[in-house]
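Hi everyone, thanks for making time this morning. I'd like to walk you through a model, so let's get it up on the screen.

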Amino acid sequence: MSSEALSASGIRRITLEQSKRARVGHIGSALSIADILATLYGGVLKVETPDDPDRDRFILSKGHAAAALYAALHLRGWVSSTELSTFCADGSLLNVHPEHALTGVDFSTGSLGHGLSIAAGAALGARLARSTRRVFVLLSDAECNEGSVWEAAMFAAHHELANLVAIIDLNGQQALGATDSVIRVESMADRWIEFGWETVEADGHDVAEMTRVLSSFDYGAGAPHVVVARTIFGRGVSYMERQLKWHYLPMSESEYRQALDEVTSAA
Amino acid sequence: MRAAFIETLVELGERDRRILFLTGDLGFMAIEPWVNRFPDRFFNVGVAEQNMVGIATGLAEAGYIPFVYSIATFASLRPFEFIRNGPILHRLPVRIVGVGGGFEYGSAGTTHHALEDLGVMRTQPGLTVIAPADSQQTRTAMRRTWDLPGPIYYRIGKDDRTTIRGLNGDFVLGRASVIRRGKDLVFVTSGSVAAEVAEAAELLAARGIQCTVIVVASVNPAPISDLVDELSRFSRVITVEAHYVNGGIGSMVAEVIAEHGIPCRLERCGVRRGPDGRAGSQRYLYQQHGIDRASLVETAVTMLAPV
């Protein structure tokens, strides 16, 4: 188990280490959400143990960034170093996309557009059970291309699921280009406001600001909440920032050393 | 079967508060007994079947047993990936209720004919698939399966009047029901079209041909050993289904014959043509696709004729 304090730079470093060792991509997407996960797992999520039925739930709906989630779960002490080092190995539960069979993962994801519906059901279930637990779900901006996201958005607003928080990782990048060139997502906040959600825009790389925003919500009554988190794809590694190829490519040896230097010196 | 379904659900709902009922905005003149009895455990999620299954997944993880309800095509095919990645992958007790399989929504047209739902659902090892043939069997099947730990697809008919003679509400998971015994030929069928098969067997008996009729309501797990035992006694079997011939009961019987080396010739009666836009009553469509009682009699006579 890890004795290292949970931090965004720790999540980034582990993401780079594991992605390099496993020779896999999706690094840019994972770096994009490192600060959001540090905010959630560093204090916002109320989870004493990952099997407590009354814990807050978290769904990484943009499942392709799971490397960053495994890093956070490791830093919380729920995934051992040995387990962590099986990332993408034969027979591992730590795949490119997360599986709920792994301790600490509440729901399996990987197919975009499923997470918000499941989160809405989990939030409704908590309300029916008169539990104060909350449900957090992290979506990508391009994931909002999926119609099911808006089905769930309408349902959650209609039922005033105040114990539900969606965070949109607004990094402006999707699999084949910038969101501006594929399907425009400008005025993302306005869209959620129109759908009846309490909507806040924030710097998705500012842990203090994200923590403040998430602490300001009324989880007991009223509309569901969404944080439109402005982020930079590949954040923390200069040559990866806003560069589409880091949705796909593994790092070379020299790229890895530079990335690790930048991430650890920023810590 | 629809009324029997909702009555049984109310009965189960009285016993277990974990049961919830969700609809995709369908069920007028059918679901009212539940809505009136348990308004706090009823959710109309609107016309959004994918979301309905996603919500049910979250509810089931929270300890509830959600039943989600729509017309069979919309309940099974539209949210199929949500079913696969939700309750099946997470092994959660979501119950998907598809109403009106086959041609039960006859004149509503092609979009409302569930002709592949059983085939699609049967591909999933983690999903129990149940297709009762009449109201009594619906009641028994629900009472015996509602609290299974994993997900279930129930394909429920609309017809509450027809009773399949000899079935007597029999249902055991993983078993088949033999509703008639005869030595010349065996029919294997599933769902409300079993009524046509039962009538065809009567008409054949009048012509001196004695048939065994097997009703399969437990589609997954399939009644493998029952089928092996029964088919081993015959040289000819006819499968009958209001479904495409590929993927459903005909395919199931073909798999059993091939995998167990049973020397039994198979004739699969079901839908073989793609849609051409023409619809009509269930009776008309049964005739068009050779699964009405008269066509089944002809098929049996032809199959038994010496070559």
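Some housekeeping before that. This is a predicted model, so please keep in mind that local features need pLDDT of at least 70 and side-chain atom pairs count only at pLDDT 80 or more, while totals for chains, interfaces and linings use all residues. Residues are numbered from 1 along each chain as its sequence is written, and chains are lettered from A and ligands numbered from 1 in the order in which they are written.

Let's begin with chain A. It has 11 helices and 7 strands; helices (H or I, at least four residues) and strands (E, at least two) are DSSP runs, numbered from the N terminus. How does the radius of gyration of chain A fit a compact globule? For 267 residues such a globule would come out near 18 Å, and chain A has 17 Å, which agrees. That radius is taken over C-alpha atoms, and the globule rule is 2.2 Å times the number of residues to the power 0.38. Along the principal axes, the C-alpha atoms of chain A fill a box of roughly 50 × 40 × 35 Å.

Now for burial. Of the 267 residues in chain A, 53% count as buried. Buried here means 20 or more other C-beta atoms within 10 Å of the residue's own, exposed means 12 or fewer, and partly exposed is in between, with C-beta atoms placed from the backbone.

Please zoom in on strand β3 of chain A, residues 164-170. Here 7 of its 7 residues are buried. One side of β3(A) has Leu164(A), Ala166(A), Ile168(A) and Leu170(A), the other has Val165(A), Ile167(A) and Asp169(A), and both faces are covered.

Which strands pair with β3(A)? One is β2(A), residues 135-140, which runs parallel to β3(A) over 6 bridges. Another is β7(A), residues 225-230, also parallel and joined by 6 bridges. To count as a pair, two strands need at least two bridges found by DSSP. If you want landmarks, Ser140(A) is bridged to Asp169(A) in β3(A), and Val165(A) has His225(A) as its bridge partner in β7(A).

Together, β2(A), helix α7(A) (residues 147-158) and β3(A) make a right-handed β-α-β unit. Right-handed means that, with the strands pointing away from the viewer, the path from the first strand over the helix to the second runs clockwise.

Next, one residue in helix α11(A), residues 253-265: Thr264(A). Is it buried or partly exposed? Thr264(A) counts as partly exposed because it has 13 C-beta neighbours inside 10 Å. Leaving aside neighbours within four places in sequence, Thr264(A) is in contact with Ser9(A) and Arg13(A). By contact I mean C-beta atoms, placed from the backbone, that lie within 7 Å.

On to the meeting of the two chains. Here 21 residues of chain A are in contact with 21 residues of chain B. On the chain A side, α6(A) (115-128) and α7(A) each supply at least two residues, and α6(A) gives the most, with 10 residues. By class, that side has 12 nonpolar, 8 polar and 1 charged residues. In this scheme Ala, Val, Leu, Ile, Met, Phe, Trp, Tyr, Cys and Pro count as nonpolar, Asp, Glu, Lys and Arg as charged, and the others, Gly among them, as polar.

That brings us to chain B, with 12 helices and 12 strands. Its C-alpha trace spans about 65 × 40 × 30 Å along the principal axes, and 54% of its 307 residues count as buried.

The domain assignment of chain B gives domain 1 (2-156) and domain 2 (177-304); such bounds come from an automatic or database assignment. The centres of the two domains, taken over C-alpha atoms, are 26 Å apart. Their contact takes 24 residues from domain 1 and 26 residues from domain 2. On the domain 1 side, the elements giving two or more residues are α6 (117-122), β5 (128-130) and α7 (135-145) of chain B. The largest share of that side, 4 residues, comes from α6(B).

Last stop: Cys264(B), in the loop between α10 (249-260) and β12 (265-271) of chain B. With 17 other C-beta atoms within 10 Å, Cys264(B) is partly exposed. Beyond its neighbours within four places in sequence, its contacts include Leu231(B), Phe234(B) and Ile257(B).

Terms used:
Two residues are in contact if their C-beta atoms, placed from the backbone, lie within 7 Å.
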